[in-house]
Structure formats: C-alpha cells, structure tokens
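Biologist: I'm new to this one. Can you put the model up and walk me through it?

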Amino acid sequence: MRSLFTLLLITLLWTSIRAQEAYLSLNVDDSQPTISKHIYGHFSEHLGRCVYDGFWVDENMDVQKKDRIRLDVVEALKKINIPNLRWPGGCFADEYHWRDGIGQRAERPNMVNTHWGMGVEDNSFGTHEFLELCDLLGTEPYIAANVGSGTVKEMNDWIEYVNYNGESTLAKLRAENGHPEPYNVAFWGIGNESWGCGGNMTVEYFADVYKRYATYAKSYPGAPIKRIASGANSADYHWTEVMMKEARRHMWGISVHYYTIPTGDWGAKGSATSFTEAEYFNTMKNCLFMDELLDKHIAIMDRYDPEKKVALAVDEWGIWTDAEPGTNSSFLYQQNSLRDALIAATQLNSFNNRADRIRMANLAQTVNVLQALILTDKEKMLLTPTYHVFDLYQVHQDAQLIPFSISTPDFVNGDKKLPAVNVSASLDQDGKVHITLVNIDPNKSITIKSAVNGIDWKKVSGKVLTSGKVTDINKFDQPEIVKPTVFNGAKKTKDGLSVELPARSVVMLELE
C-alpha cells in the first residue's frame, strides 16, 4: 500500500512539475509579414490632464519647455520611438472645431469640454501646437475629424489648411499663422465612436455618412491621405460587417475599440492599485478576450477583403479602472501597476501576431489619463510600468513576424484557468531575433523549452520587467519600483533555447 501511495505521489509531483513547462517552436525561415511600427501608436485626447498640464503646461512651470510643450515628456517618448499620436479625441473630437484653435492665442474662443468634466479650455493648444509636438517627437500625427457636430466642409477645409501646398486662401492662412510649408498629415480619422458619443448612429446610417465624408477627404499633391473609418464598439461584429460591405473601397483602415475593464462592469470598474488575485484573474480573462474579438472582426474583413488591403486599427485600447480616489472622476486619472504592464505586453503580442491585418493601434492614453505611459505632478514626472513595456517591445517595430507554435501551462484560479504564457517574435533588418514572453501567472515561474528553426544563433541576452507583486506601482517619491533589469534566465542548449520565465513577468530576448 505504501509503495502504491509513493508511486501515486511521485506521479502527481511529476505531473505538477511538467505542468510548469512550456514548449515553443519558432520558424524563422517563414518570417512574414511586417509588424507595422504603427501598432505602437498612442493617443492624446483633450481629457483631464493629458494635453493641458501633461504635454502643454503653464508658461511659468519650472521645467524645460519649447513654447509650452513639456520637453522631459517629449524626450521620454522619443526614447521609445512612438510612431504616431492620435488627437484631439476620442469623444472630444466630435465637439472640436479646428478654427477655434488657430491664430493669435489671446483671440481664440474659450470652449466647454462637455464630454470630460465640463472644464473650460482656452484653445491655446490647437492644430499648430499639436503638429509642433509631433515634430518634436519625430512621430506621425493622426488627426480625428469632427463628424458628430461638424460638417463635411469643415473637415475638407481642415485637410486643405494642413496639407495643401499652393496658393489657396487656407494655405495662405496657414502661412500667416507661422507655417508656410504644408504639414502633409497622412492619417485622418473620419468619425469616432459614431455608435455612441460621436453621434449615436446606426451603422447602416453611418456607412452613408462615412462615404460622404470620405469623398471630400482629399489627397493633395505630395500629401496622400489614409482614411480611417469609425469602427466597432468591442464585439459589435455587425458594425464591421456593414462597413466592410458598404464602404471598404473608401478607407485605408477601420477602427475597433476595446478596453479591459477589471470587473466587466462599466459602473464599478475596480481599483487600479488594490485588487485580489481573483480580481486579477478576472482582469486578465477580460484582457485575453481581445484575441477572440480580433479574430472575429478579422474573419469578417477577410470575407470582403481577402487581399487584406484594409487595415484594422485598434486605435483605443488599454485597461480602464475607477479613477484614483480624491481626483475628478471625469478626468480618468488612474495609477499604473505591474498588472497593467502585463496587460500591455499581452495585447501587443496579440497585435503583432495579427500583423497581416492589424497595422495600427493606439494605447489610451499617453499622459495622466487611463493606462498612461507617463504621470506628472507639477514639475515631477514618472515612467509607468506600461512605458517600460513599450521600451522593451520597440524592437518589433517594422520587423518581420516570426510564426510559432506554443504549448503552455495554465494560470489556475479556483476552477478557472487561462493560458499562462503568451508570446510574439520577430526578425529585424540586422538578422537578430527578438522574442517577447509574458507569464501572467502571479505565483509560478515557468520553464520554456524552445526550438529556433532557420537561424544559426550564437548568444542570447535579455531584459525582464517584474516586481514582487502585481499591485506594485511607481510613485513620485519612488519612481523605479517597477523597471526593466538585465535578464540572465535564458541560455542556449543542445536542443535550442531554454528560458526560466519568472512569475508575473515580461521578458524580451535577443538572439544573435
């Protein structure tokens, strides 16, 4: 009886040990398609303290500035090579009238931001200021036009004002306002959340509205534009179906918006900093729903566009929690934990792995709002755990996607389970392979055995982002609690690559 019990115990122990191993096979020879750098885009809406008091600060604030653009924020974003920046919204885009934000600042009208807290804005940050910011960042602007409360002529005039290189009244006005040369902005959003804050339209109605606006969203010589249609709210597959059927020939891309809500309840979303392991599990489950959502939207697009000419733009994504206690709930200011970094890395892996269709994405938002990269408090600035994910993942920008297969153990909570490991990999122009691995299990490390086929590599190096708890955050008086460090848990073996992937971690490996 004892020997039988011992055998059973050994079997259970062996099964438990084996369960913490993952198997990954990479096929470098089959690398394709290109992971567009624009998957790593960002979003800055006139909301809370993102633009005003984030990018655009009081002229008397004691920080380095260009005009009123805060340069320590600019330099931090330049280091991670952000490829595009979406502006002015969001919901705000459909109440923004661009002419209010040009000319002498003292003469610009004040406006009430009815979507986000009823604050009064002085329009000191407008088209020229935004495009100056993009120039300082070395990034491409992505402008969202006003469809909800605007007109076709207003959008048409804005594009001419920004992009026309000739002798028109609007081009002359642009020159009088300080910029004789055209800006040549390529990305233009037509409508934002037209199913909701952008007009509460049905998709059947919006398809015709979109085609009308798209007709007058003109390309000028030397300034071809890429029209991005307002797309679905989360799992509204009917929206994508109708838009692809009726309007696909008039668009470069179509958007989809999906936010990870920890509780799944928009009324009580959950805390950014205080949550149980069960709540963490539910948050990661909601994060991983993105895979199903994307695959279903992409399947619809594939039926109407098998050549994949139309891009899917996930131009709002991220975790959305309750606002921090003591702050204006309409300003959507939330802290940023290691959990959020795991979400960001998981979502970016998901986008990378669908790079044949997803060619743009925009994290919401850049500074002081939702899943921000950067938080500021007067002169102080800190980089969030999510910022560090974008730093690690910039190696994938414009690299070739490497196909793979993976077998992963589960992250188990009670009687529920999720795949513990997710991954994406790419081959850059210098022949280096980069692998980004995420272990969402907060408690268990995982050994990954990997075969890397199609490349003769000599050494592996890496970085890891982790911390003691998934609730850990960076604070203004302790800004480096969660930051990347050198990773020594990967080695070359006779069978390939072996990785000891820590619990609750993001790891970026480089093979060369």
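Biologist: At what angle do helix α9 and helix α10 pack?

Modeller: This is a predicted model, where local features need pLDDT of at least 70, side-chain atom pairs count only at pLDDT 80 or more, and totals for chains, interfaces and linings use all residues. Residues are numbered from 1 along each chain as its sequence is written, and side-chain values use heavy atoms, leaving out hydrogens and water. Helices (DSSP runs of H or I, at least four residues) and strands (E, at least two) are numbered from the N terminus. The axes (lines fitted to C-alpha atoms over the stretch in contact) of α9 (338-352) and α10 (385-393) sit 8 Å apart, and the angle, on a scale from 0 to 180 degrees between N-to-C directions, is about 35 degrees.

Biologist: Which residues of α10 make the contact?

Modeller: Contact here means heavy atoms within 4.5 Å. From α9 come L338, D340, A341, A344, A345, L348, N349 and N352. On the α10 side they are P385, T386, V389, F390 and Y393.

Biologist: Are D315 and R86, which meet in a salt bridge, buried or exposed?

Modeller: A salt bridge is a Lys or Arg side-chain nitrogen within 4 Å of an Asp or Glu carboxyl oxygen, and this pair is at 3.7 Å, N to O. D315 is in strand β12 and R86 in strand β5, so the bridge ties together parts 229 residues apart in sequence. Buried means under 20% relative accessible area, exposed over 50%, partly exposed in between (1.4 Å probe, protein chains only). D315 has 2% and R86 has 2%, so D315 is buried and R86 is buried.
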